[in-house]
Each structure stands twice: as C-alpha cells, then as structure tokens.
Amino acid sequence: MTGNRFVPEVLVEQACAATGLDDFGDGSSWREGLNLLCEGLVADARLNALGVEIAAMDITRALTNRLQVIAWRTQHPALAEAPVERPIFIVGQPRTGTTILFDLLAQDPALRPPLTWEVDNPLPVPQPETYDTDPRIAQTQAALEMSEQIVPGLLTHHPMGALVGQECVRITAGEFCSMIFPTQYRLPEYYRWLLYDADHRPAYRYHRKFLQHLQSGVDGQWLLKSPAHLWQLDALVAEYPDALIVQTHRDPLNVISSVSALIHHLRRMASDESTIPDCAAQSCEQIVVGLEHAMACRDSGTLAEHQVVDVQFADFMRDPFTTIRSLYDRLGRELEPVAEERMRDFLAAHPGDHGGSRYRWQDTGLDAAEVRDRVSGYQRRYGVPDETLR
C-alpha cells in the first residue's frame with residue numbers, strides 16, 4: 001500500500017486538483033528529484049503508517065506551494081524583475097551555532113528572515129499590517145506542537161516555531177532538490193544523488209522566485225540560513241553573485257555525533273526502524289563532502305574574500321556579542337542599539353543547554369581516528385581545534 005501513496009503523477013494530479021492550477025513553471029527539472037524521492041520513500045525509508053501520511057503531506061505541500069507561487073508570479077510579472085540584493089546566508093556544518101546565530105541576527109529590524117508560517121503557507125502573500133497576526137501563524141504553530149506530541153523532545157533537539165526563521169531547505173523542497181528529505185527520512189540513494197549528481201542550479205532559481213514572492217508583501221534585506229548551502233556554494237553564488245556568506249566552524253566529529261542524534265530523533269516520527277549508526281554513516285559522508293566542496297569552491301575564486309566571514313563556534317559560544325560585533329563590522333553594517341537589545345532579550349529567553357547529554361560519539365559506530373584524518377585538512381585550514389568527544 002505504501003507504493004500506491006507515492007506515485008509521482010498521482011501526487012501531481014492531486015496537487016493540481018486541490019489548487020485548480022497546473023503550471024509548475026519553466027522547465028521540468030523538479031520531476032527528477034520527485035521521482036527519486038518517491039522511489040526512496042517506497043524502497044528505503046522504512047516508513048510506518050504515520051510516516052506514510054507525513055511524507056505524502058510533505059510532497060503535497062511542496063507541489064501545492066509551487067503551483068501557487070508560480071500562479072501569483074504569472075499574475076504579477078513584475079516580480080521577475082524584483083532584485084534580491086545582498087542576501088546574507090549563514091552556512092556551515094549542522095550543529096555549529098548556525099541556528100542561534102540566525103535567530104539572534106533575525107532580531108535586527110533591518111534584516112528579513114523567511115518565517116516558518118509564510119514558507120509553509122506562502123499564499124496569500126504576507127502583508128505588513130497582519131504579519132504578526134495572520135491566522136496561518138496559529139495553524140503552523142499547532143502543527144509543530146503536534147509533532148512534539150508524537151515525538152516528545154523533538155523541539156528540544158531542534159527548536160522550531162511559526163514565528164521563527166525557516167531554513168532554505170524548506171524552500172528548495174519545491175524543486176525536490178533539498179537536503180530536508182534525507183534528513184527526515186532514510187533515503188540513501190536520494191542523498192547520494194544530491195551530493196554527487198544533482199544539478200542544484202534550478203533549485204536556487206526557484207529559491208529566488210520564492211523570495212521574490214514573499215518580499216512582494218514584506219520586503220527587506222534577506223537573512224537566510226541552511227547548512228546545506230555549504231555543499232553548493234558555487235550554485236548559490238551563481239544565482240546570488242552579491243551574496244554575503246557567514247561560515248561557522250566547529251570540530252566535525254562532535255558535529256557528526258550531534259547531528260546523527262538529531263536525524264535519528266526526526267526520523268522516529270516517520271519510522272520505527274531508525275538507528276543512530278545508520279544516521280551517522282550518512283552524516284559523516286555528507287559533512288566530509290560538504291567541507292571539501294566548500295574549500296574547493298573558496299580556493300577556486302568563485303567567492304571573493306570580502307564575501308565570506310568565518311565564525312568559530314567556540315568563540316561565538318564564549319562571547320556571542322563580541323562575535324556579532326565583529327561580524328557586523330566585516331559585513332559593513334552597524335549594530336544599532338535597538339537590534340542589540342532585542343538580541344540580548346532573545347538570548348536571555350533562549351539560553352540553550354549546549355547539547356547536554358543528547359549525543360555521544362560512541363553511539364555513532366564510527367572510527368574516530370579515521371574520521372579525524374579525513375577532516376584534518378579542514379581543521380588546519382580554518383584553525384578549528386579538536387574538541388573532547390562527548
């Protein structure tokens with residue numbers, strides 16, 4: 001029965017019937033990713049009954065949002081010419097402070113993060129006068145809280161909220177070329193396609209269309225975030241040549257054990273057969289490939305030196321506001337008093353627990369010496385110290 005729920009053409013027809021629309025935009029590159037995703041959900045994901053429903057809903061939402069975004073764009077052709085100027089992208093390995101840095105910078109009134117509620121429900125276009133009261137906010141928050149009831153502790157592992165900035169992988173899901181899918185589900189063939197074979201340029205073109213859509217209602221300088229950008233900095237800069245990149249750095253071994261525990265926790269909502277070693281094997285491959293790709297991209301000159309700011313995780317955790325002031329200086333921005341006050345209030349309300357005992361290296365099943373050797377070049381290049389393994 002699982003296979004019957006993941007027939008690509010049936011899902012496409014259902015999305016078209018639900019919206020009354022049938023235009024998915026120029027090109028058909030998204031269909032390759034959709035086909036591979038559906039194949040993986042049937043063959044490899046080990047979904048339970050709830051997982052089948054969740055995965056089907058994820059695909060339907062991505063298709064529906066794409067149809068609606070393209071329809072609005074067709075009705076408002078001027079959107080295609082709207083600039084997306086000097087977007088700031090926070091990249092880096094997962095679990096390296098990217099989320100808290102993103103959340104703190106999002107307190108700056110001069111910056112515009114895409115919020116979860118508007119990414120998940122982009123039509124009608126958000127409006128300034130109802131941006132904090134739109135009924136979609138409550139709907140989105142209720143869905144997130146339901147996830148916490150299904151898998152207790154989920155929001156502790158990875159805090160989420162309707163009014164919190166959303167990662168770009170939720171946007172590129174509409175191209176079906178997104179790391180969000182193999183994070184939530186066991187998809188070994190799909191994630192290797194993403195790493196080695198997929199053309200990510202259409203995903204970034206769709207990403208721009210989505211930002212143009214949202215900013216037609218509420219504009220501002222975009223503040224964006226996803227560790228997945230680390231794997232595709234060349235495609236990112238090809239689409240956004242004036243982008244500003246903030247790359248966070250941390251010992252990859254503790255990153256691997258931390259993100260493996262997170263992925264395992266996320267997958268438990270859709271599968272009864274997830275294991276941390278399985279998640280760790282994927283995380284290790286992704287992180288090693290991502291770090292190597294990013295270094296090669298920076299060495300090639302694709303990114304100008306002034307476009308990239310490096311942030312050490314240890315420095316940021318020890319003294320966040322010294323790091324933020326230095327970051328603003330490098331970005332050519334001034335940290336206004338109102339922005340700093342809002343950041344301090346946010347940090348006081350969200351102190352975090354620095355991971356606690358939620359992950360341990362010994363659970364990964366990986367050889368620490370072997371992995372250390374594979375990432376040693378990265379650590380030497382950016383002066384990233386070894387951490388004590390948890």
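How many residues of the lining of the second largest pocket are nonpolar, how many polar and how many charged? In this predicted model, the lining divides into 11 nonpolar, three polar and six charged residues.

The second largest pocket has a volume of about 460 Å³. Of the 20 residues that line this pocket, A106, P113, L115, L163 and R342 are the closest to its centre. Two elements, β2 (111-112) and α18 (337-349), each supply at least two residues of the lining.

**The chain as a whole**

The protein chain has 19 helices and five strands. Its radius of gyration is 20 Å, which is close to the 21 Å that the globule rule gives for 390 residues, so the chain is as compact as a globular protein of that length. Along the principal axes, the C-alpha trace of the protein chain spans about 55 × 45 × 40 Å.

**The sheet**

Five strands form an open sheet in the order β2-β3-β1-β4-β5, and their pairing is parallel. The strands β2 and β5 (308-312) stand at the edges of this sheet, where each has a single partner strand, so one side of each is left without a neighbour in the sheet. Strand β1 (residues 88-92) and strand β3 (residues 221-225) run parallel and are joined by three bridges; within this pairing, I90 has K225 in β3 as its bridge partner. Helix α12 (residues 201-215) lies across β1, β2 and β3, and runs at about 135° to β3.

Most residues other than glycine have a negative phi, and most peptide bonds are trans. Against that background, two places in the backbone can be set side by side.

Key: Residues are numbered from 1 along each chain as its sequence is written. This is a predicted model: local features need pLDDT of at least 70, side-chain atom pairs count only at pLDDT 80 or more; totals for chains, interfaces and linings use all residues. Side-chain values use heavy atoms; hydrogens and water are left out. On a 1 Å grid over the protein atoms alone, a cavity is a set of points where a 1.4 Å probe fits but cannot get out, and a pocket is an open set with protein on both sides within 12 Å along at least five of seven lines; lining residues have an atom within 4 Å of a point. Grid points are joined across faces, edges and corners, and a volume is the space filled by probe spheres set on the points. Helices (H or I, at least four residues) and strands (E, at least two) are DSSP runs, numbered from the N terminus. Ala, Val, Leu, Ile, Met, Phe, Trp, Tyr, Cys and Pro count as nonpolar, Asp, Glu, Lys and Arg as charged, and the others, Gly among them, as polar. Two strands pair if DSSP finds at least two bridges between them. Contact means heavy atoms within 4.5 Å. Axes are lines fitted to C-alpha atoms, for helices over the stretch in contact, and angles run from 0 to 180 degrees between N-to-C directions. The radius of gyration is taken over C-alpha atoms; the globule rule is 2.2 Å times the number of residues to the power 0.38.
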